Structures are given as structure tokens and as C-alpha cells.
Amino acid sequence: MASSKEYVDFILEQLSGLEEVTSRPMMGEYLIYYRGKVVGDICDNRLYLKPVAAAKELLPGASYAPPYPGAKDMLLVEDVDDRELLTRVVEAMYEQLPARRAAAVKPCPAARRAAAVKPCSAAAQPDQGTERK
């Protein structure tokens with residue numbers, strides 16, 4: 001079952017005390033970002049956070065569960081109504097999250113064509129100083 005936009009909006013509203021909290025749809029579910037880093041997922045209208053030390057410390061009773069089949073276990077946040085706690089947890093997680101990966105930059109078509117054309121080497125060019133007999 002896909003997550004509803006209303007639930008995602010509710011979670012974003014709960015985190016509205018933080019700047020730069022965004023969501024991005026991903027195959028019917030959503031990723032939640034804080035200042036450009038992924039902090040968790042929303043799957044089946046349930047909030048899952050990455051199990052970094054800060055989150056585990058501030059949510060000691062949280063259970064672990066995979067957000068979807070085959071995924072690694074994450075912290076399942078049961079009490080999403082506690083805005084203050086949710087904000088503290090996400091803010092505390094930031095420094096412990098991995099840095100953003102740089103997006104792969106593909107060269108433009110003209111650059112790919114230019115790279116495919118290789119100059120002839122000196123050995124492959126005919127000798128200009130001699131005549132053919």
C-alpha cells in the first residue's frame with residue numbers, strides 16, 4: 001500500500017520547526033530529507049528513521065523493522081504526534097548521517113562525441129619526407 005500525501009504532509013508539518021525538511025516520492029513511498037541528508041522513509045503511512053546512535057538514544061523503546069521487504073531494519077516511530085521529540089530526534093541525527101553523495105555528472109552529447117574521436121598517432125600517419133616508388 002502506498003503512503004498518502006496527507007500523511008507525508010502531516011509528518012512534514014510535525015517537523016516544521018526545522019529548516020530544510022523535505023520529502024521526495026520514491027516508488028509510491030517517500031524519503032525524508034533534513035538539510036539534504038536522508039533521515040528516514042515513510043512507507044505504508046509509517047515513519048521509519050535511520051538507526052543512528054542519536055535516534056536510538058532519544059527513542060529507546062522504538063522497535064526495529066524493515067520499511068519494505070528486503071530493506072535493512074530502521075527505527076519505527078510509533079509516536080509521531082510528539083512534535084517536540086520528533087524535531088529533537090531528527091536534529092540530533094544530522095551530524096551522524098552520512099554525507100550526501102555527489103550526483104553522477106554525465107557529459108553532454110557533444111563532449112561524448114569529442115571524446116570518441118581519437119587523433120591519429122604519428123606512427124599511423126604516412127611518412128611525408130619520402131616518395132613512393
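A charge is taken to sit over a ring if NZ of Lys or CZ of Arg is within 6 Å of the ring centre and within 35 degrees of the ring normal. The legends below concern a predicted model, in which local features need pLDDT of at least 70 and side-chain atom pairs count only at pLDDT 80 or more, while totals for chains, interfaces and linings use all residues. Residues are numbered from 1 along each chain as its sequence is written, and side-chain values use heavy atoms, with hydrogens and water left out.

**View 1. Arg35 and Lys37 at the ring of Tyr94.** Arg35 lies over the face of Tyr94, 3.9 Å from the ring centre. The charged end of Lys37 also sits over the ring of Tyr94, at 4.2 Å from its centre. Tyr94 is buried at 13% relative accessibility, where buried means under 20% relative accessible area, exposed over 50%, and partly exposed in between (1.4 Å probe, protein chains only).

**View 2. The aromatic pairs.** Two aromatic pairs are found in a search of the whole structure; rings of Phe, Tyr and Trp (its six-membered ring) pair if their centres lie within 6.5 Å, and planes under 30 degrees apart count as stacked, over 60 as edge-to-face and the rest as tilted. The rings of Tyr7 and Phe10 have centres 6.4 Å apart and planes at 45°, so this pair is tilted. Tyr7 and Phe10 both belong to helix H1, three residues apart, about one turn of the helix. Helices (H or I, at least four residues) and strands (E, at least two) are DSSP runs, numbered from the N terminus. Tyr7 is buried, with a relative accessible area of 16%, whereas Phe10 is partly exposed at 31%. Tyr34 and Tyr94 form an edge-to-face pair, 5.5 Å centre to centre with 80° between the planes. Because Tyr34 lies in strand E2 (residues 29–34) and Tyr94 in the loop between H3 and helix H4 (109–116), the pair ties together parts that are 60 residues apart in sequence. Tyr34 counts as buried, at 4% relative accessibility.

View 3. Three salt bridges are found in the whole structure, each being a side-chain nitrogen of Lys or Arg within 4 Å of a carboxyl oxygen of Asp or Glu. In one of them, Asp9 is joined to Lys5, with the closest N and O atoms 3.1 Å apart. Both residues lie in helix H1 (residues 5–14), four residues apart, about one turn of the helix. Asp9 is partly exposed at 37% relative accessibility, and Lys5 is partly exposed at 41%. Glu84 and Arg88 meet in another salt bridge, at 3.5 Å from N to O. Glu84 and Arg88 both lie in helix H3, four residues apart, about one turn of the helix. Glu84 is exposed at 58% relative accessibility, while Arg88 is partly exposed at 41%. An α-helix has 3.6 residues a turn, so residues three or four places apart point the same way.

View 4. The side chains of Arg83 and Glu13 meet in a salt bridge at 3.7 Å, N to O. This pair links distant parts of the chain, with Arg83 in helix H3 (residues 83–93) and Glu13 in helix H1, 70 residues apart. Arg83 is partly exposed, with a relative accessible area of 36%, and Glu13 is partly exposed at 42%.

View 5. Tyr7, Val8, Ile11 and Gln14 are buried in H1. These residues cover an arc of only 120° around the axis, which puts them on the same side of H1; the arc is that of the directions from the helix axis to the C-beta atoms. The buried residues of H1 pack against strand E1 (21–26), E2, strand E3 (37–43), strand E4 (46–49) and H3. Leaving aside its neighbours within four places in sequence, Phe10 is in contact with Val80 and Asp81, contact meaning heavy atoms within 4.5 Å. Phe10 and Asp81 are 71 residues apart in sequence and 9.4 Å apart in space, C-alpha to C-alpha.

**View 6. The chain around these sites.** The protein chain has four helices and six strands, in the order α-β-β-β-β-α-β-β-α-α along the sequence. Buried residues make up 33% of its 133 residues. Among contacts between residues at least 6 apart in sequence, 55% join residues at least 24 apart.
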